[in-house]
Amino acid sequence: MKQMGRKFLAMLLAGSFTLTLVSCGGQKQNDKVVDASQAASSLSKVGTYPISDKAIEMSMVRLSMPNVTDFTTNDFSKFIEDKTNIKWTYQTVNMDTADEQINLMMSKKPLPDAFLFSTPKVAKYGVSEGLLLPLENLIKENMPNFMAYVKERPEIWGQITQSDGHIYGLPSINDCYHCKFRNKMWVNTKHLEKLGLKVPKTTDELMKVMKAYKQANPKGIPMSGSIDGWGHQFYDWITNAFILDPGTYNGKLVLSKDKKVESIATTAEYREALKYMHQLFKEGLIDDSAFTQTADNYRKLMNNEGEPVLFAPFGTISDAYDVNAKPEAYAAYRVIEPIKGPQGQQHATFFRYDGIAENKFVLTKDCKNPVAALRWLDYFYTLEGYLSMQFGSEKDKDWKLNPEGKQGLDGSKALYEIINQYSSDPQNHDWQDVGINFATEKTRFGQATDNDVDIKSAAGLEKLLFIESKEKCEPFAQDPSKDYDVLPTLKFTSEETDQLNQVTVDVKKYLEENRAAFIRGVQDPNDDAAWDTYVKGFENVGLPTLIKLSQTAYDRANQK
């Protein structure tokens, strides 16, 4: 898959703690849906094209990107218009100011028919204010391709449903296998080989290897990281040797096998993890800048002469090195299995709910033909629609289906082969990543891959990430029937959100400040009094409230 697009979407779709407002929808929304459904009688049969014999014109607001020149004259825009007979007038917003621009648009009349990719906040404009259409009935009646996917993955329906029972937006799918194991630790194998060291399997072995490297290379850095990069946090990876770490999820909340929301941040196991990391730091084995440096500065550090960092957390090693500029450094790093802790804990956190970006296509209450708009969108939820949007609409020139003798990423028969490869240069042939993606796991695995592709090359990146994740992460993914699990996206009522707005900020700040203090020795994790004070301090910043409301939201979403 395309490197820039893969990384952009992975970051976009990565799960996070989401405060989603919920309130009762207005009756005018349901009335609008009933009226709109009557328009179906003037359209073609569901699933056939063109959608209408007569051209239907509507307006759309969408995100602009520098590598797409003009959506109005774009080749794919013309293709999808000719295929469906739906003509959109496009108005673009840029990423930096999209929210402000959209909020201003939502205050004016009439509203655009639709928003794509950059969309109004569903909680505010759909659930609370009734300016967006509830779509669940129209989806069932007019989107057979999307509903086929829902049949394969029924949990998707619940994931895109707001807690008032309505669906206001359709999702973009990027079911990236290796992205769900984003907390990977990479080791410079050349450094290990030079010192005659083996890849560590346990926390004890990890400390010994780091010490040996530091002794042999006083200016070397045994382990580093960044505060804001994708999968760059060393502490999340190390904590998995003591207890399942849910990543940057606010409050370190997890779901127990009994379906109870808990926080690992106050557990004895988490304390042991902090003790271990404090010892590493005390020995000079953890880079102090890892607590403050940005992803850009971390990359610069990795590219210093001699590649000084031995153990480096990254979601993908391409975030550290340009393979064309530094091929030897790029090739030297490989993922290691999660280390086993003193109590036998050994986890590679599987972020199972990543890959679904909710509400990437919404219709407003002023939409002139919701039925036609959804039938137009349904084409995107096909393999042909996905390939045409991403790479261009010319079959056998931009892409080929079922290529003879080709294998997919996972070794199965390839579903398709990309001919028109991605380029970050400005172009006007396709939409790249700013549409509705339908990159399911099956689709991603189905891309033709050269069996002999060099995984040390740029072309072999996806193969490299697949192999490393499959062999070194998946075997250690959490089992929800036995272990803690990550939480799905939770949706809160407006009253709950009022309580959580400040609590989430306070809990996050308190947790991060104290984690750094314990690891760096500003506070002693071995001091019972210091630990007790830390645990009690969570009451003051609202962790019990966060847990209680999260449990309520989880129970509400999963009630039978």
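## Domains

The centres of domain 1 and domain 2, taken over C-alpha atoms, are separated by 35 Å. Domain 1 covers 45-173 + 355-451, and domain 2 covers 183-350 + 482-558; these bounds come from an automatic or database domain assignment.

The model is predicted, so that local features need pLDDT of at least 70 and side-chain atom pairs count only at pLDDT 80 or more, while totals for chains, interfaces and linings use all residues. Residues are numbered from 1 along each chain as its sequence is written, and side-chain values use heavy atoms, with hydrogens and water left out.

## Helix H12 and its partners

Helices (H or I, at least four residues) and strands (E, at least two) are DSSP runs, numbered from the N terminus. Helix H10 (residues 203-216) packs with helix H12 (residues 268-282) at an angle of about 10°, their axes being 11 Å apart. H10 is therefore roughly parallel to H12; angles under 35 degrees count as roughly parallel, over 145 as roughly antiparallel, 65 to 115 as roughly perpendicular and the rest as oblique. Axes are lines fitted to C-alpha atoms, for helices over the stretch in contact, and angles run from 0 to 180 degrees between N-to-C directions. In contact (heavy atoms within 4.5 Å), Thr203, Leu206, Met207 and Met210 of H10 meet Tyr276, Gln279 and Leu280 of H12. The residues of this contact comprise 5 nonpolar, 2 polar and no charged. Here Ala, Val, Leu, Ile, Met, Phe, Trp, Tyr, Cys and Pro count as nonpolar, Asp, Glu, Lys and Arg as charged, and the others, Gly among them, as polar.

With H19, the axis of H12 comes within 7 Å and crosses at roughly 50°, and the two helices are therefore oblique to each other. Tyr270, Leu274, Met277, His278 and Phe281 of H12 meet Leu511, Arg515, Phe518, Ile519 and Arg520 of H19. This contact divides into 7 nonpolar, 1 polar and 2 charged residues.

## Helix H21

The buried residues of H21 (residues 543-557) are Leu543, Leu546, Leu549, Ser550, Gln551, Ala553 and Tyr554, where buried means under 20% relative accessible area, exposed over 50%, and partly exposed in between (1.4 Å probe, protein chains only). Their cover includes strands S7 (253-255) and S8 (261-263), together with helices H19 (494-520) and H20 (528-541).

## Helix H16

Helix H16 (residues 383-391) is mostly covered, with 7 of its 9 residues buried. Among the elements against which these buried residues pack are helix H3 (75-84) and helix H17 (441-445). Just after H16, Gly392 takes a positive phi of about 120°.

Definitions and conventions. Expected span 1.5 Å × (residues − 1).
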